[in-house]
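Hi everyone, thanks for making time.

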Amino acid sequence: MSINSARPTEFATHAHEANEQTVSTLCQYPEVICAQLRWLQRRVFYQFLQTGCPTIDLEADLAIERNQADLTQRLALPVLPLTTMPPLLRGSVRHAKAGFVVSSSTSDTPAS
Amino acid sequence: MNKGQTYDAFRSVALLRRWIFTAFVLLQTAFGVWGMILVLPYHGSTPIEKAILITFVPLYAFVAAGSWMALFGFYIRRRFKNKGDARSLLARFSAKLPTVPLVKTAVALPIYHEDVERVFRGLRASIESIQATGHLDSFEFFVLSDSRDPEVWLEERAAWLALCNELNLHGRLHYRRRRVNLRAKTGNVSDFLRRWGRKFKYFIVFDADSVMSGDAVVSLVRLMECEPKAGMIQTVPRLFNARSAFARMQQFVTHLYGPLFSEGLAALQLNEAVFWGHNAIIRTEAFMAHCGLKSMRGFGLWRGTVLSHDFVEASFIRRAGYEVWLETGIEGSFEESPPSLDDELIRDKRWSKGNLQHVSFIGFEKGLATAHRMAFMNGIFAYLASPVWFLFLLFSTIEVAQFAAGDINYFPDAHSLYPNWPQWHPQWAIVLVTSTLVTLFLPKLLALFELIAFDRKRLQGFCSVPRLLQGFLLENLFSILLAPIRMLAHSAYVVQAIFNVTVRWAGQNRSSEIGWLQAMIRHAPGMILAVLWSGIALSLNANFFYWTIPISLSLLLAAPITVWLSRFSLGDRWRAIGIWCTPPERALADQVLVNFAAISDARLKPEKAPDWLSWTLLNPVQARIAAALAANRRGAAKRASTALCELLLAKGISAVPKRQAARVLDDKDAILRLHQHAWMAPPDDPWGRQVDQLTRAICVK
């Protein structure tokens, strides 16, 4: 599975199957390269979490500023409006007696 | 609407049925008591024998009432050929039901620290089933969370959003979490009604483990439309989705015996049935106007929130003149069983205290229907029967001990000149025990007979007749073994309730097995008691010892029985060979259950991801959702969340207790600030470290 086609959950499942022993968090390159790789990794991972489809431009340079700028742009994405509940209808007992807003084919009051 | 203003068409038939029922129960109890008097050596003339008789009378009456209820149900089912009571709503309105237009109805699902995946799976199955009827537009769904732990409510919110996205339910499926969960479930529902209830003519209450078919939900709304006097219609939920042996046994019980008992109950209650708290439809305006529950103002357990609110709400809505129906004919209403005996007992602890609170409603609440006062009494005695049975055993032991000690009194009545010779009639004891066993087991045998002889369609759901009989025998064996364990636990709960021991409000365990240590600790008092009692009985009288074996053996084996029955492996094994097979397991119950089983367990966050709070702050999608749902804080609240945000920025998420840290999610600016800071933080910053850990946990392998 290529990273480009992996959804976050699939990626995670795939990741667990790997041998724990192979995990290496140490960077074996010179510190300058390692710093660049860390920011590249962070930018790519953010993009992966955000879209499920990260891209690594192999022709691009590894400048930290470039990845930071890309990350800043992504972080600045607007928050789309979302509501969990419909507008509030204050309906205490007093309000309830004043009249319900439902429509009905039959009477709301039991026959007397 | 007032009760006095309306004509009750069912009053005469209800009274006739209830009087006949009462007469049978009283007559049988009289025979039972007469038999007991004959069995007792002094025929009830000594103080200890009087005490035995006093405890025997309500116990025998209670058993007789249950038995006659089932016999009544058997009669109704045979009389109307399984089509339900002719006076039921479904029987009266079935012809015009398909043409009745629907009205706006809310489906309310109050939850508190439940298994999130299970809750939303059940809700999804129900929504898809309603969608299949073509009437989804008439319903809106409200998940009403009281969860306090951010690890639970953040998952709930993610599950809600995932379901909205998958079924395109934005604006139709809602989620609300109360920040202050005052007065538990009652407060949760009334808070929903105060704010949004006015929009809906009816609301249907689900429990966390409820599943209802679209047809059932649509039928409930239509029945309400047909009968404007109906304030509540309760369906009969059947158990499903059981895995452990215990839960499968309970499932078998509700499917095999349930129809008889519920039919009998519905026929006796008619339009004065009770509400069981879920899988029922309620007329919103009537409920809001008449069912507001105040905190109790008495003393001890009769002070504070009403725990078992459902019975009280039914009695209040009936007092206002509305009818409450138990509709047995509506199929497609389901719930789950606790997975083990211990989980059932934990639930019973809450219910026992709640039911004992009803004492104040029986005596001091004006205007309630007699049927509802009886229902309160029945609910109370369902738990009070246990200490009464315990006392009965205690008094019987004392009686035997007196004789064993040679303490025979020939003049128990101080005012009598004639001696009273103690007489032993073992033959009467055998007759009495036999009659009690018949009373206990006749309803079960009738249910079995009815299924095999008259209900071929339903019989298919129980695999085969030999397996059904095998399951029947095993169920009876286990019910005998479990009865003393339940008795002892309920007795303790009643005593604790009387002394007003606090009952913790917590989500139920619906999916775990019981470990040996947990079972041993819980059942140790009963096991010790059984050893002591057996020892005393053996030392007093060998014959008495034999009589005590069924009870003491059960108590001795309580821990192994509990552990064994809670095993999923046993449940699966017995399921494979067809023991305790039921219609839902054979996909014969309802399509909604087939769909429920087919819903895959979609993960809401990667398994190696951190806790929900960190994941929400770090994940770009979750952080934006949290920001979109957070309030725009002002004033003191804004200052507090800013201060909290500053603290978290400086020291990281682990520096603050989780529930306190989660308050930052109330502030949109704080969420975005933390999120942006974390991703831009250098690797040696606490947040930078956390981002790198997250990356490694999920990606680098």
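So, contacts in chain A: if you take those with a separation of 6 or more, 64% of them come from residues 24 or more positions apart. Keep in mind, please, that this is a predicted model.

Okay, over to chain B. Here we've got an open sheet of seven strands with mixed pairing, and the order across it is β3-β2-β1-β4-β8-β6-β11. Which strands stand at the edges? Those are β3, residues 173-177, and β11, residues 323-327, both of chain B; each has a single partner strand, so one side of each is left without a neighbour in the sheet. On average, neighbouring strands in this sheet are turned by 20° against each other, if you ignore direction.

Let's zoom in on one pair. Strand β1 of chain B, residues 105-111, runs parallel to strand β2 of chain B, residues 139-145, and the two are joined over seven bridges. To pick out one of these on your screen, find Val107(B): its bridge partner in β2(B) is Phe141(B).

And what packs on the sheet here? That's helix α6 of chain B, residues 184-196, which touches β1, β2 and β3 of chain B. The direction of helix α6 makes about 150° with that of β1(B).

Conventions:
Residues numbered from 1 in each chain as written. Chains lettered and ligands numbered in written order. Predicted model: local features only at pLDDT ≥ 70, side-chain atom pairs only at ≥ 80, totals over all residues. Pairing = 2+ DSSP bridges. Helix = DSSP H or I, 4+ residues; strand = E, 2+ residues; numbered from the N terminus. Axes fitted to C-alpha atoms, helices over the stretch in contact; angles between N-to-C directions. Contact = placed C-beta atoms within 7 Å.
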